[in-house]
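Visitor: I'm new to this structure and would like a close look at just one part of it. Could you take me through an open sheet and whatever packs against it?

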Amino acid sequence: MDSISNQLEFVYHFTTDESYIPKKWKKDSAIVLRVDGDFEIKVDGRSYCQEYVALLEFYLYLHRWLAIIESKKYIIPEFHYYSLEWHEDEPLISIIPFDNNDKARLTSIWRKEPFDPVFKMDYIVNKLTELRDQLKKDIEAHYRISVDVFIDKFPIKALAVVDKKKGKTKWL
């Protein structure tokens with residue numbers, strides 16, 4: 001039986017600033033990979049993983065996943081964050097629902113410990129919603145850009161979702 005972790009925390013620090021993005025590029029999807037920084041996930045007060053990531057790219061993956069959940073049209077899908085900066089075809093961070101979407105397992109190729117923590121699904125969705133909202137505010141303030149400009153304009157891997165009413169799988 002998996003034990004449930006009780007605390008999930010996200011810490012990030014930008015490693016570039018507004019001057020790193022030329023004014024004429026502020027709406028160009030090429031800057032998605034320039035909005036970057038150190039990103040750490042802490043579980044129950046311990047560092048689970050820490051890495052340098054394209055924070056706007058991560059935001060776009062997170063935004064899409066949460067929008068799918070918030071639509072209430074689909075069964076909660078797996079979350080996978082891939083990066084164009086990573087040359088392997090494996091997700092860097094994943095959330096894997098199980099137990100009838102009551103629980104979710106967090107995994108990362110960057111994990112520091114040989115464990116993948118389990119959380120109640122509503123808890124992890126709430127924590128990731130808070131992260132998405134705060135990350136959006138921080139990116140927009142730090143770089144003086146609107147992240148909404150990049151939604152659906154930057155290539156991210158499609159996600160398989162299952163329609164709640166029809167039971168059919170489609171790719172978003």
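Guide: Three strands make up an open sheet in the order β1-β2-β3, and their pairing is antiparallel. Strands here are DSSP runs of E with at least two residues, helices are runs of H or I with at least four residues, and both are numbered from the N terminus; two strands pair if DSSP finds at least two bridges between them. At the edges sit β1 (8–14) and β3 (46–54), each pairing on one side only. From one strand to the next, the twist averages 20°, where axes are lines fitted to C-alpha atoms (for helices, over the stretch in contact) and angles run from 0 to 180 degrees between N-to-C directions.

This is a predicted model, in which local features need pLDDT of at least 70, side-chain atom pairs count only at pLDDT 80 or more, and totals for chains, interfaces and linings use all residues. Residues are numbered from 1 along each chain as its sequence is written, and side-chain values use heavy atoms, leaving out hydrogens and water.

Now follow β2 (residues 36–43): eight bridges join this strand to β3, and the two run antiparallel.

Next come the helices. Helix α1 (residues 55–71) lies across β1, β2 and β3 and runs at about 110° to β3. Helix α2 (residues 121–143) also packs on the sheet, touching β1 and β2; contact means heavy atoms within 4.5 Å. The direction of α2 makes about 15° with that of β1.
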